[in-house]
Amino acid sequence: GVKGQVWCWGNNKKRQLGDGTTTNRSGAVRVMQSAGIALTGAVSVSVGSDSACAVMSTQRVQCWGSNQYGQLGISNTSTQIYPSFVHRIDGHFAKARSVTVGAGFVCARFGDDSAWCWGRNDRGQLGSGNLRLLTAPNPVLIDSATRLGRIVSISAGTSHACAVMKQSAASSVVYCWGDNRSAQLANGLSLFRQWATLTRSLRGIYPSGMHLQADAELIGREK
């Protein structure tokens, strides 16, 4: 068979199955690049509440499904029938190592190990320092002048995200941003954060990866 095809099933009201229709599917259907042509070349896929994204073999990112908050990364919120290539703010194709999809927003680890997010931002889940919806990738910030870098993994929850940042060959730390109503940022506070903030509970532990589950649980993988 052809390598890198993507198959989806389930609710399709917002075109999140990527098959060019809004028909719910009880069986797997191929994600289509266009009418009659299947999407190929995907190396990883992440699924959110009503959209999905894939990193392609070219390191370009394609997204499909709802675009209500600009989560397709195409610099607008217009509906798309088939998967679309994510564009950076400067108009060039976004190239990523990995991508993770939340509820109405997307984050990615780019080729230079920086973290970028786009889409819904009402709880600061883009880490951009403000609450403005962004329809193209924007760098995650630690403060107004410092981008979050040296990222080795990134994961999105419903309305927050976290990233593992490598400090040295032997140590790493976790930064989180966005919704904090369930203390999911682990920073000792309950307020949402528009900047990436260092977690408190993982200091002294050196994770190599993680996965966010729903709003409150962080499943880590220690070295």
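Four strands form an open sheet in the order β5-β6-β7-β8, with antiparallel pairing; two strands count as paired if DSSP finds at least two bridges between them. β5 (42–47) and β8 (84–85) are the edge strands, each with a single partner strand, so one side of each has no neighbour in the sheet. The model is predicted: local features need pLDDT of at least 70 and side-chain atom pairs count only at pLDDT 80 or more, while totals for chains, interfaces and linings use all residues. Residues are numbered from 1 along each chain as its sequence is written, and side-chain values use heavy atoms, with hydrogens and water left out.

Within this sheet, strand β6 (residues 51–56) runs antiparallel to strand β7 (residues 61–65), and five bridges join them. Ala54 has Gln62 in β7 as its bridge partner.

The chain as a whole has zero helices and 20 strands, where helices (H or I, at least four residues) and strands (E, at least two) are DSSP runs numbered from the N terminus. Of its 223 residues, 49% are buried, that is, under 20% relative accessible area with a 1.4 Å probe, protein chains only. The accessible surface is about 10200 Å², and carbon and sulfur atoms hold 50% of that (Shrake-Rupley method, 1.4 Å probe). Among contacts (heavy atoms within 4.5 Å) with a separation of 6 or more, 43% are between residues 24 or more positions apart.

Gly149 lies in the loop between β14 (146–147) and β15 (151–156). Leaving out residues up to four places away in sequence, Gly149 touches Asp113, Ser114 and Met165. Ala115 is 34 residues from Gly149 in sequence, with 6.6 Å between their C-alpha atoms.

Methods. Buried means under 20% relative accessible area, exposed over 50%, partly exposed in between (1.4 Å probe, protein chains only).
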